Amino acid sequence: MTDLSRFPDLTQKMDALIATARRCFDLRLQTNAGGNLSVRLGTADAIVIKPSGVGFAECTRENLQIVLLDGTILPSEHKPSKDLDFHLDLYRIRPDINAVVHCHSPWATGFASAGLEIPCLTVQTIEKIGRMPLIPLSLNGGPQTEAEISPVFRDPQIRAAVLANHGTIGVGKTLMAAQYLAEIIEETAHIAYVRDTLMAAHGRVTADLPRHGTAADARAAG
């Protein structure tokens, strides 16, 4: 039997993941059993992650998986997430990342499927994200893996990205921080679509974009 006493914050982190997953589901950022989310445990050498085949609304302490950063999956009745490898690699290359939220939110994934990078067109997106790189499919046309994702996130300024024909990634120091980014990405994609539709309807081809996310930044630049 596995000794879990080495993970004193395990229950707390599991409950936080369950609550975040439920919020993501309730906001319709993820339906069915797709997507995944994970959180680093306090020991820093292990994570808790949603396994494959379990929906965001069905996460429980009993079905979440504990995985060591070396890839060892502690005993579980469930299959590991298809995206486990990129989650593990993000934690390895970025000590500042303590949580990852990956979902297939429809507005953002619509942009991703059109091969379009979501523009940071609100002051909040400029402040909270800065840029959301669009990461292409793998060379053989399959879903993105650590080979495509990790090089982008090696830049410590990158906090979010959009996966072509796949979904979004938000990372943060906490699960809620990563979840907020997932929500901002989806909100911004929705706003961008409405903006572009209105501009086309009114014959406009250009629109102003903010250069700064806060009034303090704007004053400093002036």
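Predicted model: local features only at pLDDT ≥ 70, side-chain atom pairs only at ≥ 80, totals over all residues.
Local features were considered at pLDDT of at least 70 and side-chain atom pairs only at pLDDT 80 or more, whereas totals for chains, interfaces and linings use all residues. Residues are numbered from 1 along each chain as its sequence is written, and side-chain values rest on heavy atoms, with hydrogens and water left out.

Strand S6 comprises residues 160-163, where helices (H or I, at least four residues) and strands (E, at least two) are DSSP runs numbered from the N terminus. In a regular strand the side chains alternate between the two faces of the sheet. In S6, Ala-160 and Val-162 point one way and Ala-161 and Leu-163 the other, and all are buried (buried means under 20% relative accessible area, exposed over 50% and partly exposed in between, with a 1.4 Å probe and protein chains only).

S6 has pairing partners in S5 and S7, two strands being counted as paired if DSSP finds at least two bridges between them. Strand S5 (residues 134-135) runs parallel to S6 and is joined to S6 by two bridges, with Ile-135 standing opposite Leu-163. Together with helix H5 (residues 146-153), S5 and S6 make a right-handed β-α-β unit; right-handed here means that, with the strands pointing away from the viewer, the path from the first strand over the helix to the second runs clockwise. Strand S7 (residues 167-172) pairs with S6 in the antiparallel sense over four bridges, and Ile-169 in S7 is the bridge partner of Ala-161. S6 and S7 form a hairpin with three residues between them, and Asn-165 in the turn has a positive phi of about 55°.

Across the whole structure, ten salt bridges were found, each defined as a side-chain nitrogen of Lys or Arg within 4 Å of a carboxyl oxygen of Asp or Glu. One of them joins Asp-15 and Arg-61 at 2.8 Å, N to O, and links distant parts of the chain, since Asp-15 lies in helix H1 (residues 10-26) and Arg-61, 46 residues apart, in the loop between strand S2 (46-49) and strand S3 (65-68). Asp-15 is partly exposed at 32% relative accessibility, as is Arg-61 at 42%.

Glu-117 forms a salt bridge with Arg-131, with the closest N and O atoms 3.1 Å apart. Because Glu-117 lies in the loop between helix H3 (106-113) and helix H4 (123-128) and Arg-131 in the loop between H4 and S5, the pair ties together parts that are 14 residues apart in sequence. Glu-117 is partly exposed at 36%, and so is Arg-131 at 44%.
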